[in-house]
Every structure is written in C-alpha cells, then in structure tokens.
Protein chains: 2
Amino acid sequence: MNQTIVPNGGPKLRLVEAAEKLFAEKGFEAVSVRDITKEAGANVAAVNYHFGSRDGLVVAVMSRYLTPVNQERLAELDKAERNASGVPVLEEVLDAYVRPLVAHVGRSELSEKLYCKLVGRIFGEQGVEVPNDIQNQTRNLIERFTRAMGKALPNYTQEELIWRLHFIAGGLIHLLTHTDFLYRVAAPACGTPTVETTIERFIQFAADGLRSGLEAVEGEEEGEPKKKIPQATFNF
Amino acid sequence: MNQTIVPNGGPKLRLVEAAEKLFAEKGFEAVSVRDITKEAGANVAAVNYHFGSRDGLVVAVMSRYLTPVNQERLAELDKAERNASGVPVLEEVLDAYVRPLVAHVGRSELSEKLYCKLVGRIFGEQGVEVPNDIQNQTRNLIERFTRAMGKALPNYTQEELIWRLHFIAGGLIHLLTHTDFLYRVAAPACGTPTVETTIERFIQFAADGLRSGLEAVEGEEEGEPKKKIPQATFNF
DNA sequence: GTCTATAAAGTGATAGAC
DNA sequence: GTCTATCACTTTATAGAC
C-alpha cells in the first residue's frame, strides 16, 4: 500500500532517505550533495547520476510527501462529506486537513520528531521552485477545502474562508517545524502532550476560530476603529 | 525616536540595509557576503571589518527588529492591562502581540512586502543561533502574554494557553512570509485586502479560537475518540 | 552503475598596502 | 576605513576509466 512514499529500492532509495534525514535536521539549503552521499555511503557522483542534479533530489523528496499527503487529505474530505447529510461537520473537515500530515509517521525511517520537521519544511518551503503539478494540487486543495468549510459555515464568503484556511495552514506548519523551540524556551510550562493531544487542541482552536468570527468582521465598519498604533493600509 | 531600528549612519548602515533587502528576498542562508557588499556598493572586506563575520551581520539584522518589536509588544500589553479593570480585553491583548510586527513598516527602506517577509523570516528563523538575550526575551514574552490571556480566560491552564499562543505565532509568521504564495495560487478568490483588514481578520480568528475551545478540550475523554486515521501517540 | 579526477566557480576570511 | 590580492576551502557537476 506504501509505494507512493517509497521509490524502487537500492541506492536511489538510500540517497533519498539520507537526504530526508539531513534536510529535516538542517533545512533544504544547508545540506550539500557531499553531505548526502556521505550519509548514504554512496559516491559523490551518485546524486547527479540518479536525480540529474541536487535540485532533482530536492524535488524527489518533496514529491514523495506532498502528493500522498494531499491525496489522503482529499480522500478524508470525501469521507467527511459522504458521512454528512449535506452539511459536513467542521471538525471532520479540519481533521481531514490536519491529520494526514502526521498519519504516516510510523512508516518513515525517520524519528517522529524529524519526520514532523521534514513534513513541515516541505509544506512551508518557499525557495525551491516546485513543479506546476504541485501548484495545481494546492489550488485544487484550497478550492475543495474552502468549499467544504463553506457548507459547514454558510455565511462566510469564499475570500474569508481562504484567509482563515491560510491562518490554519500557518499554525500547522509552525507546529511541525518550531515545536522543539517551544519546548526549549517554555518548558516545563507547556507540558509534554502527545501529538494526538496537540492535534485535537489545534483542531478545536481552529474550529472555534472559524465558527464565531463572522459577525465581528462584517460589523467592523460600524464600530469605531482601534487607533492604538498607526494602521497599515498597504496590501501584503 | 527611531534609534533602535537605525544604527549609526555611513557604510555600516548601508551594509545592514543591503543585507536586509537580500535576506528578505532570498532568506538568510541563500545570500553571500559578496552579494551583500555588491548590493551596498562596498568592498568585500567591509562586512568582516564592521561586523566581525557574516554571522555577526545576520545577528545585527535580527536584533535590529527583534528587540524593538518585542519591547513594543510589552508596552502595548501594559497599556491594554492598564485600560482594563482587572480583566483585559482579549482582542487588545492579541492586538498588542500582532500589530507591532508591522507597525514600523513605513520607517524601513524596504517595500512593504519585503519588510513583512523579513520580519517573518526573523521571527520564524531556526537555523541561526541567536544570543541568549533573545531567548530570554522570548521566554519573558510568552510568560507575560499567557498571563494576560489567562486573566481574560480564567478557566484555561497555563499549558493550554502556551499551546494556543504557539498556534497564533505560527499563523502570524506564515502570514508574513507566505502570503505572496497565497496570492499566486488562490488569486483572485482571496481578494486584495489591506494588511489592516488582514490583521483584524487574524485577531478575530485567534480570539474566537481562544475563547470557546475550553469545554471541548476538557470534555475530550468523555466523548468517544475519533478513529478515522490511526492516532499518533508520540510527543513532538 | 560506480568510481576517480578534475573542472569551474563560489565561499568566508584576512594580511598588508594605502 | 578602504582597498587589492590571495588563502584555504567548499560547492555542483561532469568526463572518462572501469
């Protein structure tokens, strides 16, 4: 069942797995071809032979996670929509968005923490130019999820839903990539919840943030604007 | 009034401003000393002369924003707490956390978009080792803000509040660094709201996410657990 | 498919002239 | 303080032997 996340065996796989480990630890830009081939016990020329270039290997690593995770997100969304009698449960929609990111953690050679870091880096990456295929995938994902969210929250505009999904995506990526920093800086006050507990917490937070914000945003022009700090009028 | 964000003039300032522009565009790791000195119209040796090393310049750029922004966050939090009769308004606490990040945008030589990218990268950075001073600053910031949030939301545990602040920090950093991607992939459905509108939206989202989530999290053991996808039992 | 050797360019840093 | 020249490496990538 697991082919999408594991290419054909042999040295090519060893290179991918070595690259994953190092990318997770140090980021995509801080790892050289030599680091990777050394970690994999392969020759320096192996990366260029098997993947054409360093960038080819980066794209291979990203694709190995991006596509299956997004497919599973859509599959879980389908389930949530079929379960529902017209109106899907918001928490189930969010579950379908969040959980596939960590669902395959046990199948990886990486430790749980490194797996999370890698997935976070992949979904949060901006430097590397990924194939158009991936961009279309993301476009479709946003479309599908905001539509499902819109059924659960019929008073929201499409625009509003996209921005709130954007906030959610950010919280999620940050969770995957920066939680070691939280432990380092806020321990022991933040406790040591399992990933499961943290995901439940996150979904609850996101669901509540989505559910009751509409009136306030629409009524914003009626209240007097807060003027504590000069307001920023440009666009992002 | 602006000294903290502008060091003494001359070539040192030109170097910092050139570095900021390039770091904002490409990230801290993707810019060489030669790129920076070329952009600044300075000699290749200038960075090492003025900052000791490339890392010294990186730390200088980060400190120039980190410290003033965090100071302003605390000052605004003080105001919000003084305004309140014991219980601060949650939205004002969040405002104090969010708005200082973009409050100084007009004072920078950078375009608004690049300014946001830079600030997002600075607050989202993980590779570069920042001085202990900064780590203590962050610790203090978490402590102060979760305490204020706790007054507005007296039923939450400290642990719960830390995690929710963590989610909020992530959404915010993502907003600063990845919104160009959102425009690229979701336009025109996401509209072109001003930063002001987006911040209002974000604060509303975060406030709602904070306000009504408690019962569900505490009652989680009573409901039957969702078993759609295998649960993850490890810690982050 | 795997190796060595090497090309060609880029890296941060510094000694020493001015 | 600013410059040139240069050191000592590291980088990706490839040609060609095996």
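The two copies meet through the same surface, because 100% of the interface residues of chain A are also interface residues in chain B. The structure is a predicted model, in which local features need pLDDT of at least 70, side-chain atom pairs count only at pLDDT 80 or more, and totals for chains, interfaces and linings use all residues. Residues are numbered from 1 along each chain as its sequence is written, chains are lettered from A and ligands numbered from 1 in the order in which they are written, and side-chain values use heavy atoms, with hydrogens and water left out.

**Relation of the copies**

A rotation of 180 degrees, with 0.0 Å of shift along its axis, superposes chain A on chain B with an RMSD of 0.1 Å. The two copies are thus related as by a two-fold rotation axis. The superposition is by least squares on the C-alpha atoms of residues with pLDDT of at least 70 in both copies. Of the residues of chain A, A:Gly209 comes closest to this axis, with its C-alpha at 1.8 Å.

**Contact between chains A and B**

Each side of the contact (heavy atoms within 4.5 Å) is formed by 83 residues, from chain A and from chain B. The buried area, meaning the accessible area (1.4 Å probe) that two parts lose on being put together, summed over both, is about 8100 Å², and carbon and sulfur atoms give 62% of it. Between the chains there are four salt bridges, a salt bridge being a side-chain nitrogen of Lys or Arg within 4 Å of a carboxyl oxygen of Asp or Glu. B:Glu160 and A:Arg201 meet in a salt bridge through their side chains, at 3.0 Å from N to O.

| Residue | Atom of the residue | Distance to a phosphate oxygen of DNA strand C |
|---|---|---|
| A:Asn43 | side-chain N or O | 3.1 Å |
| B:Ser32 | polar side-chain atom | 3.2 Å |
| B:Arg54 | backbone N or O | 2.9 Å |

Technical notes: A polar contact is a pair of N or O atoms within 3.5 Å; within protein, one must be able to donate a hydrogen and the other to accept it, and residues adjacent in sequence count only if both atoms are side-chain atoms.
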